[in-house]
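Hi,

Here is the structure I said I'd pass on. Have a look at it first, and then read my notes below.

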Amino acid sequence: MAKNAKKNEKEPVFIIRPAIKNYGLDYLHISLIVLVIILVGLALALSTFKQGTVLQNCSYGIVNGTCATIKYNSTQALSSAERILASYAQINTTLALLPYYSIINQSSVSYLQNQSEWLVMIPYINPLAGNEISDMTMMLSGNDLSLKSSSLETIKPVSITNNSVSGLGAVDLYGKALCTLTKPVPVYLITDPYAPGAISSLYTAVNAGKQFSGSVNISYDFIFSDYAVRFYNGSGVERTQALGRYLMCASRQPDRLVPFLSNLSIVYLGSPVSNYTLTQVEDGSGMNLSRFNACLGNATTSLDNQASLARLYGVTSTPEFIVDCKYASIPQTIDYAINYTLRSLS
């Protein structure tokens, strides 16, 4: 009876149905065929795949998928910079000091791939700035290591003012407004009579008055700064300041100022001149003597007012020009400053 029970137990049956219109293949065989095709395709792909080149430690960048190659190395670039630096000793300027103050063993060298140039930075001791360490920068050609350009790090300002550079030759003085919106505009020359370039700045002012005739009104203001003070002990205050008084009164007669300056240049050698000598210069310049002497009698008050004007505009070094009560300039750029001011008014 147990034997009959075993026969009666149902055994699992797998039924595989044929796929219709597939050449007699059933679904199982179709699946196996597709799997084989996939595996064969994967094997072919793996057999033809090549690993790409991995670029590492490309010192000078990558070009077209490969490490860039250059004509020279950093050692050669620095060597060329050293030779160029030594050549500055032949220049008849303060740049001749550079070779002797450079700290060449602290130099840095970099290759600029995009520009095909070497950048060499050489620190140096700046004796004109309290021995501060500054940098000289050289740009060398990647083709022949020749010097393409060079620059020096400049002295940093002690403090930052609110003034700003508004145009070529013109520094906009913060908080100052224009004197006038019409011509002629006032132009003040402020100088210590003993400052280097003081006399030549007077000629510059005269020429600017002629060049911009009708558009500017030139006036001359004289102050006594450290340049004059250094003569006080040896020559006395009175004799030292006499030059400022005579120059101020001569400037009050503009048509005779140039002859006065011409005669003064014969006897003035950078130090105080006696009253007698200055009187001789005055007499020989065709001045209106009564007007001149009247000006001398009131010179102290006039010079005090001019010193107040210089303080108002924060003048710390001379010669300096103030254009239209707002812009500061120097003798070398006064033409630019006047042109800028006149264009602004237009």
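Phenylalanine 260 and phenylalanine 292 are both buried (under 20% relative accessible area with a 1.4 Å probe, protein chains only). This is a predicted model, so to speak: local features need pLDDT of at least 70, side-chain atom pairs count only at pLDDT 80 or more, and totals for chains, interfaces and linings use all residues. Residues are numbered from 1 along each chain as its sequence is written, and side-chain values use heavy atoms, leaving out hydrogens and water.

Back to the rings: there are six aromatic pairs (Phe, Tyr or Trp rings, the last by its six-membered ring, with centres within 6.5 Å). Phenylalanine 260 and phenylalanine 292 make a tilted one, 6.4 Å centre to centre with 35 degrees between the planes (stacked is under 30 degrees, edge-to-face over 60, tilted the rest). They sit 32 residues apart, in helix H9 and helix H11 (residues 289-297); helices are DSSP runs of H or I, at least four residues, numbered from the N terminus. Ring pairs also join Tyr194, Phe231 and Tyr268 into a cluster.

Phe260 turns up again in the largest nonpolar core, which has 46 residues: Phe260 is among those that touch the most other members, as are Leu202 and Tyr220. A nonpolar core here is a set of buried Ala, Val, Leu, Ile, Met, Phe, Trp, Tyr and Cys residues joined through side-chain atoms within 4.5 Å. H8 gives this core its largest share, seven residues. A second, separate core has 15 residues, including Ala77 and Leu140.

Cheers

How values were computed
Helix = DSSP H or I, 4+ residues; strand = E, 2+ residues; numbered from the N terminus. Buried < 20%, exposed > 50% of the residue type's maximum accessible area, 1.4 Å probe, protein only.
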